[in-house]
Amino acid sequence: MTAVSLEGVAKRFGPVLAVDGISLAIAKGEFVTLLGPSGCGKTTTLRLIAGFLRPSEGRIAMNGRHIESLPPHRREIGLVFQSFALFPHMTVADNVAFGLRMRGVAGEERRRRVGDALDLVRLVGLAESYPRQLSGGQQQRVALARALVIRPQLLLLDEPFGALDPQLREHLQQELKTLQKKLKLTTLFVTHDQAEAMLLSDRIAIMNRGKLEQIGWPKDIYEQPRSRFVAEFMGRSNLLHGKVTAIENGFAQVEAGTLTLEIPLEKARTGESVTLLIRPERVRLRRGPAVEGIGRCGGVVDSVFYLGSSLTYKVALADGTLLQATQSNTGEEGASGIEQGMAVQVEILQQACFSLKGDEAG
Amino acid sequence: MLWLLLPSATLYVVTFVIPLAIVIVFSFASYRAGVTTLGLSLDNYRAIFHDGVTFGIFAHTIRLAIVITAACLVVGYPVAIAMRRARPRGRLVLLVLIVSPLLTSVIVRNVAWLLILGRTGLLNRALLDLGLISAPLRLMYNDLGVVVAVVHVYLSFMILPIFASLSAIEPSIEESAMSLGATAWRTFLQVTLPLSLPGIIAGSTIVFILAMGIYLTPVIMGGNFVVTVPMVITDLVHNQFNWANASALAVVLLFVIGAAASALNALGRRGRVPS
Amino acid sequence: MMERAEYRRGRLVSFLTALTLIFLVAPLVVLLMQSFTAESYLAFPPASYGIRWYRHIFSDDEWQRAILLSLGIAATVTPLSLGFGTAAALALDRGPLRGRRAFYTVLISPMILPGVVLGLGILRVFLWLDLTDRFLGFALAHLTITIPYAVITVGASLASFDRSAEEAARSLGASPWRAVWHVTLPMIRPGLVGGGIFAFITSFDEFIITYFLATYHLTLPIQIFNSLSYQLDPSIAAVSGLTIMITALLTTVLVFRGQVASGGRVLR
């Protein structure tokens, strides 16, 4: 059951095309994140759905009804801003009650629903305080309660945790996820933080320069990015350029400098250029003499970065290529003990790398 | 949304636009023996430029306005600096002290100056008692009294824009200059002062325009010895019903103000630091 | 070496500033003191103090009439100028960018142009409309010169106003008007208070345009002006003192309420 759908939505500001033909369908109860760098059009898209902007082209529908021409106060949407946007001249209770007030809900029912909403975000006892007396995390909870109390069809969040400390942010992320699952609330979340997107979303939609680059499950986007942009946005990657030297049973042998790799590749032709993407966590390092082979070669450790829970190594291969390798800090023999300047065995699993099509490889 | 402008617009048509238009129309009228007849005559304008007395009054009014503006600039600039340097508490106190005279009426302030600058006023009595002078100084009924009182009235209009301009200068700019070897004085002359030019221009424009329109202060503080154009205009209408000459004077007054404002604006733009 | 120059310059500036502040405030203090004289003539410092002259002006018919007229006009004009001015400021803030500058300049022009010119024109028009020497005429004229203050102060508040609170209200079901009424206006209260106080004081103190329009109904400034020629006694000082006290009170409210409500942002 599609709760929200965008069809070919575009938005022009003078000569600038901020949103360029976005089509997206969000299912009821689904948590979708619009992810992308600043200026990619994700906030504009959110504001189009909220009703503060009218699309230059395309249609927006909610539960089957077209809403492009509906003003914001008639779309049943809850909004949470990064700046909290609480009403400073009203108490917490009045802030939360505002939406109910606008809908003519009064008296006992209003009081009850406000109380329930505050319970939901775990803010009991602060009803009569003013926003300026609350911490950032508390204020954001009030903003959330205010949006939830009206029982919206859709919850829109615009980088809501951006202004908070990392620990607090993590905490609220977990709370939001729990809440959303419990209420089965259709949610659209906007952020530029890829880790946040992965943590929270059922599906992620990556945007770049007004266009939708890829949409899918976090795992698919991370492991099967369809473009270099998506690959590099979702995490660190090693990019190797090579040539197809042989094809056999849907697998291609690619020579990329010192490394020879075998990867699953359909529709490849011998001699074709490919760009391979290898995530650092799939590059294994082992102390000891180097053994050459498919997906194996020797290298010298150029630098080591100790990050606490993990270690990142930069390894120089014979042809000068610098590979990044990341390993969890488990304290085991294999990983620890690798120091700068050491000669190591580099091993890349067959399933660990995949190719970007020539034109997308940049 | 724009229809929200309608109430003000409607009012302004009746109390601003039409009156100004009327003034322009009447400036071309003729006046003879207490009766003003509409027409298309340039006599009133000719009279202003050819009648020595009227022209002299005009020149005198402009001279006064320039002196007042210059005085406000010199006196007000240090205060703006002090405001910028002060901590928030001190700044608040300064602001109250500077703004409150703004809000007492001109006539009240003139009464106060009467008490201070008059022959038997506070200043003269104090100087006489201290033996610093043997006869009371003529501090009133001349240009000096008028300038002092008008500066008192309009000083705040100079201080606030300059303060705003100074506040917009990042301290790190001045600090860079000093670290590069400029003394505090040179930093002020070469960095701070030029960067505060927008405020100086804004303040000077406001004060000049206001100073060209003074009526009460020259009447009270200047007696019959200081005559300004607004005084002539008022007298022409109240006592002679001479709308024609009064309107012509008003139009020329507006012209002078407009010219000065444009000139100051151009000066500001020429000296503007590209940001 | 530089530090010493800084220090010297700092002292110079402080000294000059102190002088200037004395210059600004002393005359008013003198007048205030003078108004509490118990003597029957103007002489500073007063030989004896009392509230005799305040009692006089409150029992004198002419002064009473003038005070009430001025207060009445100001009280009428202030809410109206706030209404007109806020509407105009909203229109400019939310409206199209083109022509905004021009409209704004026109809106604040009555404040900038010499009162003499305005008085001349308004008198001529009001003679035709039979609005001279009448409350309505005074009010309309005062309204014209007070609206600019509301436009400026409310406009400044709107310019620095974070719209997300208003958008939040709209997303919660408030129509644009209800959002402005319930959220925006309360949040820009400092601008409204400031504009209101400026408007009140401007109207209360207005002289030249009212002078053109009035014949028998005299406002307080005009009454004071007339008294200067024929009745130079301490009642002038008392009336002036009254004006100073009213405006001093309003100024304190203006600066402190504005400061507190905006969180001291302006002066920080």
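This is a predicted model: local features need pLDDT of at least 70, side-chain atom pairs count only at pLDDT 80 or more; totals for chains, interfaces and linings use all residues.
1. The secondary structure of chain C comprises 12 helices and 0 strands. Read along the sequence, the pattern is accordingly written α-α-α-α-α-α-α-α-α-α-α-α.

2. The C-alpha trace of chain C spans about 70 × 70 × 35 Å along its principal axes. Of the contacts in chain C between residues at least 6 apart in sequence, 70% join residues at least 24 apart.

3. Chain C carries 20 positive and 15 negative side chains. The centres of these two sets lie 11 Å apart; His and the chain ends are not part of the count.

4. The structure as a whole holds 2 cavities of 30 Å³ or more. The second largest cavity has a volume of about 40 Å³.

5. Which residues line the second largest cavity? The lining consists of A:Leu148, A:Leu155, A:Leu176, A:Leu179, A:Gln180, A:Leu183 and A:Leu185. Helix 5 of chain A, residues 166–183, gives the most to this lining, with 4 residues.

Definitions and conventions: Residues are numbered from 1 along each chain as its sequence is written. Chains are lettered from A and ligands numbered from 1 in the order in which they are written. Side-chain values use heavy atoms; hydrogens and water are left out. Helices (H or I, at least four residues) and strands (E, at least two) are DSSP runs, numbered from the N terminus. Contact means heavy atoms within 4.5 Å. The place of a charge is taken as NZ of Lys, CZ of Arg, CG of Asp or CD of Glu. On a 1 Å grid over the protein atoms alone, a cavity is a set of points where a 1.4 Å probe fits but cannot get out, and a pocket is an open set with protein on both sides within 12 Å along at least five of seven lines; lining residues have an atom within 4 Å of a point. Grid points are joined across faces, edges and corners, and a volume is the space filled by probe spheres set on the points.
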